[in-house]
Structure formats: C-alpha cells, structure tokens
Amino acid sequence: YALPKTLEILDRHGVKGVFFVEPLFSARFGAEYLERIVRLIDDAGQEVQLHLHPEWTDEITPPVIADVARKRQHLNYYTREEQTALIGYGKKLLEAALGKPISAFRAGSYAANADTFAALASNGISVDASINGCYPISAPELVREYGAALPFQTLGVRAYPVSVFRDGFGRPRPAQVGACSLAELRQAIQAAAVGGWSDFVIVSHNFEMLKPGTSAPDFIVARRFEELCRFLAGHPEGVTTTGFGDFAPAGAVDPGVLQTGVGG
C-alpha cells in the first residue's frame with residue numbers, strides 16, 4: 001500500500017519526489033526485490049537515490065569489508081575506508097537495479113559524519129541529504145561548523161539538511177510528514193519562502209502511511225500527504241519542487257527551490 005499510494009499521490013498532483021532506496025538488503029535476499037522497488041519508482045517518473053542501512057553488512061556473503069564479526073547499526077560507526085567500500089557497493093547494487101547513475105545519498109537514521117562526505121566524494125556522489133539537526137547522531141562535527149539549517153559544501157559534496165522549524169511550544173521539529181500537522185508544514189514552508197531560504201527539505205518514510213506495527217493504512221497520514229502535495233502543486237510563493245538529480249552545479253543553487261525528500 002505505502003509505496004504505490006505515495007507514488008499515486010505525487011503523480012496526481014504533479015509533485016516531484018526523491019526516493020532514497022536501501023540496496024544492501026538485496027545482497028542478502030536477492031536482486032529481484034530491489035529491482036521491483038526501483039522499477040515502481042522509476043516507472044512513475046520519480047527519482048531514485050541511495051540510502052544505506054549498514055546493519056545488513058554482517059549478513060552479506062562474500063563480505064564487503066573485513067570486520068563483520070559484529071553488527072554495527074549506524075554508518076558513522078564505520079571507518080572512512082569501510083564507509084567508502086559500503087557506499088560504493090550500495091551504489092553499484094542500486095545502479096544495476098535502476099539502470100542509470102545516482103548522484104545523491106541519505107544515511108540511514110541520518111547517521112553520517114565527516115568521513116561519510118569523504119566516502120561520498122570518493123564514489124562520485126555529489127549531494128548529501130543526511131543531516132537532521134534534531135538527531136544528535138547526525139554529523140555533529142559538521143553541524144557545529146556549518147549549522148543544520150542551510151545548504152553547505154564540504155569535501156566536494158553539497159549538503160542539503162532536512163529542514164527544521166520551531167513548533168507551537170518553541171521546540172525544534174524536523175519537517176517530516178508523519179510527525180507534523182499539515183498546518184505546521186504549510187506555515188513552515190511559507191515562512192521559509194518569505195525569509196528567502198533557497199530550499200526547504202521535507203522528509204517522509206513509506207511506513208508513515210501505515211498504522212504503527214501493522215500493515216493497515218493510516219488514512220490520516222495519507223490525507224495529510226495528499227493535502228500537502230495539493231498545496232505544493234499550487235506553487236505557493238513561487239516555490240517549485242525538484243529532485244536532487246536536477247540541480248545545477250554545486251554553489252549555483254537557485255532561490256525558491258523546494259526539495260521533497262521521500263526516504264526509502
């Protein structure tokens with residue numbers, strides 16, 4: 001339900017989404033499952049990019065890296081060399097399934113660090129969307145240096161953090177479909193546009209379309225996503241949606257651009 005419904009809603013309103021798809025699982029269970037997922041997305045005219053949950057690493061045969069004696073959940077628990085190997089392997093799997101190159105990345109659980117950016121650059125990936133200022137594990141050394149609000153470039157990779165706003169209680173909250181009301185998302189987007197932000201990155205996950213712990217549809221979230229896409233389709237304040245693969249070269253970000261990042 002969740003992936004087809006997300007694609008259906010995006011298509012109905014002509015909204016562009018970026019689907020960060022995790023490929024390492026296919027080295028354990030088979031390439032046909034990954035191919036089925038990316039074909040659904042690509043055939044719907046949406047963008048596929050790379051997502052990575054390295055807790056699959058110890059289940060892959062033959063091993064991608066030498067140290068697989070224990071399960072390490074987050075990418076930033078790995079060395080730069082290990083991250084380079086894992087990202088390269090994931091990129092190879094995803095591009096083989098998709099049949100075209102990828103150019104953007106999001107770490108599972110937003111768990112990136114400076115080594116991740118070096119690993120991305122080594123693998124020819126020029127855009128990262130891993131940073132989420134509401135997650136302490138999310139590249140704290142880069143957040144201290146560059147902040148977690150606006151795009152920045154480091155080690156040849158352009159970072160587009162998940163957008164964060166303050167809710168009615170003054171608490172920071174990421175712009176996530178399953179965790180915000182429609183009114184909050186709409187107001188945050190409009191405030192960002194009025195404030196001259198070059199982008200606003202919204203995140204969602206397929207499982208947000210389902211009731212927690214079940215495979216039953218969550219019609220509240222589905223309606224919220226529908227209404228959000230209807231709002232975006234109206235190009236509020238001249239804002240448009242685009243994919244990460246559509247970007248101009250790093251440093252040439254056009255004002256008024258909105259990225260909608262749909263996590264895999």
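Helices (H or I, at least four residues) and strands (E, at least two) are DSSP runs, numbered from the N terminus. This is a predicted model, where local features need pLDDT of at least 70, side-chain atom pairs count only at pLDDT 80 or more, and totals for chains, interfaces and linings use all residues. Residues are numbered from 1 along each chain as its sequence is written, and side-chain values use heavy atoms, leaving out hydrogens and water.

Q: Where does W197 sit?
A: W197 is in the loop between α7 (182–194) and β9 (201–205).

Q: Why is W197 called partly exposed?
A: Buried means under 20% relative accessible area, exposed over 50%, and partly exposed in between (1.4 Å probe, protein chains only). W197 has a relative accessible area of 28%, so it is partly exposed.

Q: What makes S130 buried?
A: Its relative accessible area is 0%, so S130 counts as buried. You will find S130 in the loop between β4 (127–128) and α6 (140–146).

Q: Which residues does S130 touch, not counting those up to four places away in sequence?
A: Contact means heavy atoms within 4.5 Å. S130 touches F105, R106, A107, Y110, A112 and S138.

Q: Why is α4 called oblique to α5?
A: Angles under 35 degrees count as roughly parallel, over 145 as roughly antiparallel, 65 to 115 as roughly perpendicular and the rest as oblique. The axes of α4 (residues 80–98) and α5 (residues 114–122), lines fitted to C-alpha atoms over the stretch in contact, with angles from 0 to 180 degrees between N-to-C directions, come within 8 Å and cross at roughly 45 degrees. Therefore α4 is oblique to α5.
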